[in-house]
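Q: Hi, I have a structure open and I'd like to go through it slowly. Could you help me read how its helices are arranged and how its chains meet?

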Amino acid sequence: MTMTTADKIQAGLKKRYAAERRFRSYGLVSVTIGLAALLFLFMSIIGKGYTAFQQTYLKLDVQFDEAIIDPQATRDPQTLARADYGKLIKKTMRERFPDVKNRRDKRKLYKLASPGAVFIIQDMVRKDPELIGTTQTIWVPADDDVDMFIKGYINRDDPESARRLKDKEIAWIDALAATGSLEKRFNKTFFTAGDSREPELAGIWGAVVGSFYTLLVTLVLSFPIGVATAVYLQEFAPRNRWTDLIEVNINNLAAVPSIVFGLLGLSVFLNFMALPRSAPLVGGLVLSLMTLPTVIIASRASLQSVPPSIREGALGMGASQMQMIAHHVLPLAMPGMLTGTIIGMARALGESAPLLMIGMVAFIVNIPEGPLDPSTVLPVQIYLWADTPERAFVERTSAATLVLLAFLVAMNGAAVWLRKRFEQRW
Amino acid sequence: MSTPLLLAVLLLLTAAAFEFGRRRALHLAGPEFRTLHSLPRYYGSFTALWCALPALVLLGTWLAFEDEIITSLVVADLPATYQSLSEPELNLIINDLRNQLSGNVVSQELSPDMQAAAEHYGSLRATSKAAMAVIFLSVAMLGMGLAWRKIAPNFWARNRVEAIIKVLLIICSTLAIFTTIGIVLSVLFESIRFFQAVPVFDFLFGLEWSPQTAIREDQVGSSGAFGAVPLFAGTLLISFIAMLVAAPIGLTSAIYLSEYSHPRFRATAKPLLEILAGIPTVVYGFFAALTVAPLLRNVGTYFGLDVSSESALAAGLVMGIMIIPFVSSISDDVINAVPQSLRDGSLALGSTQSEMIRKVVLPAALPGIVGGLLLAISRAIGETMIVVMAAGLAAKLTVNPLEAVTTVTVQIVTLLVGDQEFDSPKTLAAFALGLMLFLVTLALNVIALYVVRKYREQYE
């Protein structure tokens, strides 16, 4: 019996439908893998980082001993600034644990409090010299190892040699915790301080300010220049070789690796123009060259979407071409241009490779006060902290990442909102 | 006066110029103001532009050349013993003079000669500053005055202003070209200097990379070898792994989202996938180094494999995740550009949807997809932070993805971060690598853009 065509098709159908289902599931699996990767990335960063928003503080009953701070009772600011406040803390700790006699043990004991505690006390005395001679209860940041222990990152069941904290120290910490002298509090330092070698004193504020100045320079340069370029190319430029060349250039620059822009910045802005190293000004210059293509491409698309009827209406009323553009086309295209600029800015905020080239990787403690001060930016701060061995910096790196991502989400959210709010269908 | 102050004064002057110009036009026209060729504000803008632009150009040129001229004047006045010094030594002295002036630490005790030179330097600087302020302000006033005199009722102010603005727009649009020229020149010059020290052939085909050069002749173990093949191999290995992850996942998810999925699922899944493209690369690097690499290491130990803590696999995997949205959004565009009539025709002939996609849509979209993949590869080659943080520094010639490899971008970063001496091949090598990187990515981009554009035209 010979098979009819219908039979042949019938016979193959089952296989073909199976292939169809398989093909479909490949797609679904791919989308799922992509989304799972996104979820895993966020979970891992949040999971590592959320603890950094809290910091363990240590309660100290410090006696502001006049004999140590100001033996001559002059209250001279110079003397107060130079006094050995570390001694006060040591004394307090010794009194808290009177049976620690060994010198080595004592040193370990003193280390439970952060080295930054000294500056807290110094600050208190400078503000209010009346405190001298009294006993005050103050909370100072605990050392990062104590902090890690309290947060459960150091396991007391590990063999002693494998832990950063030894049995004695853990016993002290337990004793302190039992009397309520250790407490986890909101980590304000993280949001207000500059960089530091001590994790418990390190903060992102310096990097945030650096990022702000860098982005400010980027915005001031790339937005007007980008819009001007887009207006010229879209509205005025004749179609000839020259404008073709410009367009090809813009498209290529959009795809040049960011690190190459860093090389440009290093040899042109630093070596040739002798601008200061590590300055947000130079960072902003490099990043604006990098974001320009994004701004230009978005602005052109936005100009293109303004319908010809508007232009013809304006021209028909006797406006010159420049007036037509300035009074009618630009205002209508502005939301789209701003959206593109915000997206470009968001990309610039997350960029770090070119900034490594121009020296924005230096260890900078001070908060920059202007676009010429040496500074670093948020993503570079993340890079720097990711390189440090202390366990406490891991959670701070993750927390800084969360802050960076929060800024990016806010910027992209603003762009989406702007698009939704002013989007016009012609 | 300092530069910001000068700019503030200029701003005031410009505002005043605008008002003067406007008033003068109205005044000259008298009661018959309809005889004015342009609106009064164009006369104002004309005066203001003439006030601000020449002064700004002058300021820019002055600041650009001031330092060089002053330095050469100071050097010319130095005693003869200094004149014969080599350039680096002379630079050191100039630096000392500058530091002395700004109250910084100087490298050596200054001799009386040097003290005098420092004072000379300082006085020249002060003179230059004062002269600049005077000339700057006079140019602004002069421009304003000239423009002011030109104003007459039949003067075509609007056309002049628009012409000036158009010139400014053109200047802005050429910046893209200058940026490209700047990139090419800056990497090319240093690369040429590098190739004077190291032959091109050795660089391109040498099998050993150890950029540490000896400071002293007799130093051990730092001969300095600049064979870049291990770097190219490492870059290709990591890019290959990344594409192995990104190409299938990106392509199939694009197909699924554009051909199969419910519009509502597409509306949520697509933006979510695109978040992956918006995450900063340093975050991926951190993720690769601290989460993925240890994970791979543990899995490897479980199967008895020795995975190094910085491996090509970790960097490549994470980079692949980063590139997924690039591949998927370009593929999505390209697939959507395939005309519906092709799909309808195929379905009408009785093919299932997957047969239609595989046999009609994909072949039609292939050039565009290839273009998109090329762009993704160029992206992977130029990616820096992930590999810097997760791939390692060891320049090993290997294809084992479990070992640490190094890439072109990693070496550029390590060679240029920190102190740089621009006379050693070590620093210059970074620029030669940058040149290679630029050329390769440029070629990939040009081909990709050409392919994509050609393909788009086909269906438009």
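Predicted model: local features only at pLDDT ≥ 70, side-chain atom pairs only at ≥ 80, totals over all residues.

Q: Okay, so how do α1(B) and α2(B) lie relative to each other?
A: Helix α1 (residues 3-29) of chain B and α2(B) pack at an angle of about 150°, and their axes are 6 Å apart. Since angles over 145 degrees count as roughly antiparallel, α1(B) and α2(B) are therefore roughly antiparallel to each other.

Q: And which hand does the crossing of α1(B) and α2(B) have, left or right?
A: The crossing in which α1(B) passes α2(B) is right-handed. Sorted by class, the contact of α1(B) with α2(B) has 16 nonpolar, five polar and four charged residues.

Q: What about α2 and α5 in chain B, what angle do they make?
A: Helix α2 (residues 40-77) of chain B packs with helix α5 (residues 112-150) of chain B at an angle of about 160°, and their axes are 9 Å apart. That angle makes α2(B) roughly antiparallel to α5(B). The crossing of α2(B) with α5(B) is right-handed, and the residues of their contact divide into 23 nonpolar, four polar and three charged.

Q: Can we zoom in on one residue there? Where is B:His120, and is it exposed, partly exposed or buried?
A: B:His120 is found in helix α5 of chain B, and with 16 other C-beta atoms within 10 Å it is partly exposed.

Q: What does B:His120 touch?
A: Leaving out residues up to four places away in sequence, B:His120 touches B:Val74 and B:Asp77. B:His120 and B:Asp77 are 43 residues apart along the chain, while their C-alpha atoms are separated by 8.8 Å.

Q: Now α2(B) and α6(B): what is the angle for that pair?
A: For α2(B) and α6(B) the packing angle is about 45°, with the axes 8 Å apart. That makes α2(B) oblique to α6(B), and α2(B) passes α6(B) in a left-handed crossing.

Q: Which residues meet there?
A: On the side of α2(B) they are B:Tyr42, B:Tyr43, B:Ser45, B:Phe46 and B:Leu49, and these meet B:Ala157, B:Arg158, B:Arg160, B:Val161 and B:Ile164 in α6(B). By class, the residues of the contact of α2(B) with α6(B) divide into seven nonpolar, one polar and two charged.

Q: Switching topic: how many residues of each chain are in contact with the other chain?
A: In this pairing, 68 residues of chain B are in contact with 66 residues of chain A. Helix α6 (residues 157-197) of chain B gives the most to the side of chain B that touches chain A, with 20 residues. The residues of that side of chain B divide into 43 nonpolar, 20 polar and five charged.

Q: Can you give me an example from α6? What does B:Ile177 touch?
A: B:Ile177 has its place in helix α6 of chain B, and, not counting residues up to four places away in sequence, B:Ile177 touches A:Leu245, A:Ile246 and A:Asn249. With 16 C-beta neighbours inside 10 Å, B:Ile177 counts as partly exposed.

Q: Last topic, the whole chains. What is chain B built from, and is it compact or spread out?
A: The secondary structure of chain B comes to 16 helices and two strands. Its radius of gyration is 32 Å, well over the 23 Å that the globule rule gives for 460 residues, so chain B is more spread out than a compact globule. Of the 460 residues of chain B, 40% count as buried.

Q: And what is the radius of gyration of chain A?
A: Chain A has 31 Å, whereas a compact globule of 426 residues would have a radius of gyration near 22 Å. The secondary structure of chain A comes to 18 helices and three strands, and 43% of its 426 residues count as buried.

How values were computed
Residues numbered from 1 in each chain as written. Chains lettered and ligands numbered in written order. Axes fitted to C-alpha atoms, helices over the stretch in contact; angles between N-to-C directions. Helix = DSSP H or I, 4+ residues; strand = E, 2+ residues; numbered from the N terminus. Parallel < 35°, antiparallel > 145°, perpendicular 65-115°, else oblique. Left-handed = near helix turned anticlockwise from the far one by under 90°. Nonpolar A, V, L, I, M, F, W, Y, C, P; charged D, E, K, R; others polar. Rg over C-alpha atoms; globule rule 2.2 N^0.38 Å. Buried ≥ 20, exposed ≤ 12 C-beta atoms within 10 Å, placed from the backbone. Contact = placed C-beta atoms within 7 Å.
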